[in-house]
Amino acid sequence: MASSSWLPVVVCALVLLQAVPAARAARAFFVFGDSLVDNGNNNYLITTARADSWPYGIDTPDHRATGRFSNGKNVPDLISESLGSEPVLPYLSPELDGDKLLVGANFASAGIGILNDTGIQFANIIRISKQLTYFEQYQHRLAKLIGPDQAARVVAGALTLITLGGNDFVNNYYLIPYSVRSREFSLPDYIKYILSEYKQVLRRIHGLGARRILVTGVGPIGCVPAELALHSLDGRCDPELQRASEAYNPQLEVMLAELNAEVGNGAGGNGPVYVGVNTRRMHADFIDDPHAYGFASATVACCGQGPYNGIGICTMVSSLCADRDQFVFWDAFHPTERANKLIAQQYVSGTTDYISPMNLSTIINLDRHLHD
Ligand SMILES: *[C@@H]1O[C@H](CO)[C@@H](O)[C@H](O)[C@H]1NC(C)=O
Ligand SMILES: *[C@@H]1O[C@H](CO)[C@@H](O)[C@H](O)[C@H]1NC(C)=O
């Protein structure tokens with residue numbers, strides 16, 4: 001008797017409790033790009049570009065591999081933390097449904113580049129045009145959940161991150177000597193070509209409603225353990241790959257300024273749409289002076305084999321370092337969680353040498369009223 005009369009009250013309270021977080025949902029977050037930001041989409045695909053087995057994820061709370069190319073968190077996880085949100089789910093995860101859609105989605109897929117022919121050796125991966133198609137599909141699903149007006153508002157008020165371009169060098173132009181692309185283009189012409197393609201991708205993300213888009217440059221690709229193992233006898237970075245990222249990044253900055261002039265103001269009519277992130281500079285700091293950041297090594301990968309631990313992939317039979325926090329690189333290409341934390345800190349509060357025209361804390365402050 002007593003229990004049945006209480007039941008409607010309890011149900012009511014539960015409905016209210018569920019409605020409140022949805023209405024005051026934190027800012028949504030969308031992620032596009034490659035393995036630096038993939039948090040598990042490739043687990044659902046038939047590809048060799050995957051991070052779903054031990055020791056990947058060794059420093060997560062349950063020590064399990066999630067598909068992130070790290071011993072723990074990656075940059076998107078840390079940005080979610082700074083937004084006060086839970087980590088975004090991979091778009092292909094069956095758990096991404098219902099209220100979880102309000103948190104955003106991660107469309108990134110390890111191995112991809114700006115060009116469709118980048119990463120062909122990894123077979124079945126989600127190329128950037130497909131990631132954008134999934135973004136449209138996501139928006140239809142969100143509109144079904146909360147209505148089209150509210151869905152458009154979530155997307156316009158969201159933060160977006162795209163990390164793309166590194167693979168167009170290491171897994172395409174420089175993948176093999178005399179690659180198809182390197183016979184077709186000189187390096188300066190190749191950079192112009194990929195940036196013109198990238199510009200269309202970035203325009204399209206804006207066209208799909210995103211109004212704050214963080215766009216990362218290409219890191220010091222000549223200094224990653226994989227390239228040191230292949231090209232360096234003395235531990236110095238590969239000059240050709242370094243030259244590529246040195247030439248690419250300033251032109252990317254110019255392109256972002258052009259796009260900002262073209263599309264006008266960002267979220268809520270304030271500030272820029274496109275924000276450039278100088279990940280090369282962030283990473284170069286560690287390489288120039290690892291000890292200043294508490295690292296023992298910025299050249300040797302924690303997990304791998306061969307010189308610099310930079311040959312092949314990280315597996316359960318690789319040589320594995322004991323203290324991951326001492327290493328900049330987790331595997332032959334990807335940073336450790338600790339390096340990612342320092343990188344993410346620069347996103348949040350770096351000067352314009354690291355992120356421009358403004359950092360994430362300035363953006364969050366500017367957009368506060370959109371998320372009240
Ligand atoms: C890449 O492939 C997609 C889908 O097939 C196509 O729409 C797009 O134009 C291609 N991009 C380039 C640069 O060829
Ligand atoms: C970046 O963030 C900090 C706050 O964390 C702020 O003081 C600083 O002025 C911001 N902008 C620049 C350009 O440094």
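## Ligand surroundings

A residue is counted as near a ligand if its C-beta atom, placed from the backbone, lies within 6 Å of it. In this predicted model, the residues around ligand 2 are Ser-349, Thr-351, Thr-352, Asn-359, Ser-361 and Thr-362. The shell consists of six polar residues, with no nonpolar and no charged ones.

Around ligand 1 stand Leu-115, Asn-116, Ser-129 and Glu-197. This shell holds one nonpolar, two polar and one charged residues.

## The sheet

Six strands make up an open sheet of mixed pairing, and their order is S2-S1-S3-S4-S5-S10. Strand S2 (104-106) and strand S10 (355-356) are the edge strands, each pairing on one side only. Strand S1 (residues 29-33) runs parallel to its partner S2, and three bridges join the two. Within this pair, Phe-29 is opposite Gly-104 of S2.

Helix H2 packs on the sheet, where it touches S1, S2 and strand S3 (159-163). The direction of H2 makes about 165 degrees with that of S1. Helix H7 (residues 187-207) lies across S3, strand S4 (213-216) and strand S5 (274-277). Relative to S4, H7 runs at about 165 degrees.

## Helix H2 against helix H11

Two packed helices are described by the angle between their axes and the distance between the axes. For helix H2 (residues 75-83) and helix H11 (residues 337-349), the axes cross at roughly 45 degrees and come within 9 Å.

From H2, the contact takes in Val-75, Leu-78, Ile-79 and Ser-82. H11 contributes Asn-340, Lys-341, Ile-343, Ala-344, Tyr-347 and Val-348. By class, the residues of the contact between H2 and H11 are seven nonpolar, two polar and one charged.

## Helix H3 against helix H4

Helix H3 (residues 128-146) packs with helix H4 (residues 148-156) at an angle of about 125 degrees, and their axes are 7 Å apart. H3 is therefore oblique to H4. The crossing of H3 past H4 is right-handed.

On the H3 side, the residues in contact are Gln-139, Leu-142, Ala-143 and Ile-146. They meet Pro-148, Gln-150, Ala-151, Val-154 and Val-155 in H4. The residues of the contact of H3 with H4 comprise seven nonpolar and two polar, with no charged residue.

Technical notes:
Residues are numbered from 1 along each chain as its sequence is written. Chains are lettered from A and ligands numbered from 1 in the order in which they are written. This is a predicted model: local features need pLDDT of at least 70, side-chain atom pairs count only at pLDDT 80 or more; totals for chains, interfaces and linings use all residues. Ala, Val, Leu, Ile, Met, Phe, Trp, Tyr, Cys and Pro count as nonpolar, Asp, Glu, Lys and Arg as charged, and the others, Gly among them, as polar. Axes are lines fitted to C-alpha atoms, for helices over the stretch in contact, and angles run from 0 to 180 degrees between N-to-C directions. Helices (H or I, at least four residues) and strands (E, at least two) are DSSP runs, numbered from the N terminus. Angles under 35 degrees count as roughly parallel, over 145 as roughly antiparallel, 65 to 115 as roughly perpendicular and the rest as oblique. A crossing is left-handed if the near helix is turned anticlockwise from the far one by less than a right angle, and right-handed if clockwise. Two residues are in contact if their C-beta atoms, placed from the backbone, lie within 7 Å. Two strands pair if DSSP finds at least two bridges between them.
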